[in-house]
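Welcome! Please take a moment to look over the sequence and the 3D structure before reading on.

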Amino acid sequence: YPNYVHGAHGGLVCPAGCVPKMDMRRGAHLMETPHQALVREMIEYQELYHRERGNSEATKQTRVDEILQEICETGTYNLTLDELEHGARVAWRNAPKCANRKFWEMLNVMDFRHVKTNQEMFQAC
């Protein structure tokens, strides 16, 4: 993830060359509104997702535009199943203390975001 800082010493940047857009160590993020933070984090994740998936700039920009429209209409947005699965895999891959993270690419996400009750979750599984 672009703002993910590795190691015990702050300020080191991800070996993949990811550079934070803002200096998070100086509290610049405290001046953001929740809407600005949502948009910034969405764009950072979409850049990571499309770069790692090998998608074109046009594909990425189309998806960003769709998400921005959804944020304007609803105040939030929904990830596609593939975006959700990739995000979960990246989180596992980047977990430095997890002994089994070498299996991160095999993680399968079961998408039950539509479920609203315990009973529905029980039936879905």
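The report below moves from the overall layout to the helices, the core and a few single residues.

## About the model

This is a predicted model, in which local features need pLDDT of at least 70 and side-chain atom pairs count only at pLDDT 80 or more, while totals for chains, interfaces and linings use all residues. Residues are numbered from 1 along each chain as its sequence is written, and side-chain values use heavy atoms, with hydrogens and water left out.

## Overall layout

The protein has 4 helices and 0 strands, where helices (H or I, at least four residues) and strands (E, at least two) are DSSP runs numbered from the N terminus. Along the sequence, this gives the pattern α-α-α-α.

Of the 125 residues in the protein, 24% are buried. Here, buried means under 20% relative accessible area, exposed means over 50%, and partly exposed is in between, with a 1.4 Å probe and protein chains only. Contacts (heavy atoms within 4.5 Å) also tell us something about the fold: among those between residues at least 6 apart in sequence, 43% join residues at least 24 apart.

## Helix α2

Let us start with α2, which covers residues 57-74. Its 18 residues should span 26 Å at 1.5 Å a residue, and this agrees with its end C-alpha atoms, which are 25 Å apart; the expected span is 1.5 Å times one less than the number of residues. After α2 comes Gly75, with a positive phi near 90 degrees.

Which residues of α2 are buried? They are Lys60, Arg63, Val64, Ile67 and Ile71. These residues cover an arc of only 100 degrees around the axis, so they lie on the same side of α2; the arc is that of the directions from the helix axis to the C-beta atoms. An α-helix has 3.6 residues a turn, so residues three or four places apart point the same way. The cover over the buried residues of α2 includes α1 and α3, while Ala58, Cys72 and Glu73 are exposed on the other side of α2.

## The nonpolar core

A nonpolar core is a set of buried Ala, Val, Leu, Ile, Met, Phe, Trp, Tyr and Cys residues joined through side-chain atoms within 4.5 Å. The largest one here has 6 residues: Val39, Met42, Val64, Ile67, Ile71 and Tyr77. Both α1 (34-53) and α2 supply at least two residues of this core, and the largest share, 3 residues, comes from α2.

Beyond its neighbours within four places in sequence, Val64 is in contact with Met42, Ile43 and Gln46. Gln46 itself belongs to helix α1 and counts as buried because its relative accessibility is 0%. Leaving out residues up to four places away in sequence, Gln46 touches Lys60, Arg63, Val64, Ile67 and Glu83.

In α3, the buried residues are Glu83, Glu85, His86, Arg89 and Val90. They cover an arc of only 165 degrees around the axis, which puts them on the same side of α3. The buried residues of α3 pack against α1 and α2. One of them, Glu85, is buried at 14% relative accessibility, and its contacts, apart from neighbours within four places in sequence, are Leu107, Asn108 and Val109.

Finally, look for Arg93: its charged end sits over the ring of Trp104, 4.9 Å from the ring's centre. A charge sits over a ring if NZ of Lys or CZ of Arg is within 6 Å of the ring centre and within 35 degrees of the ring normal.
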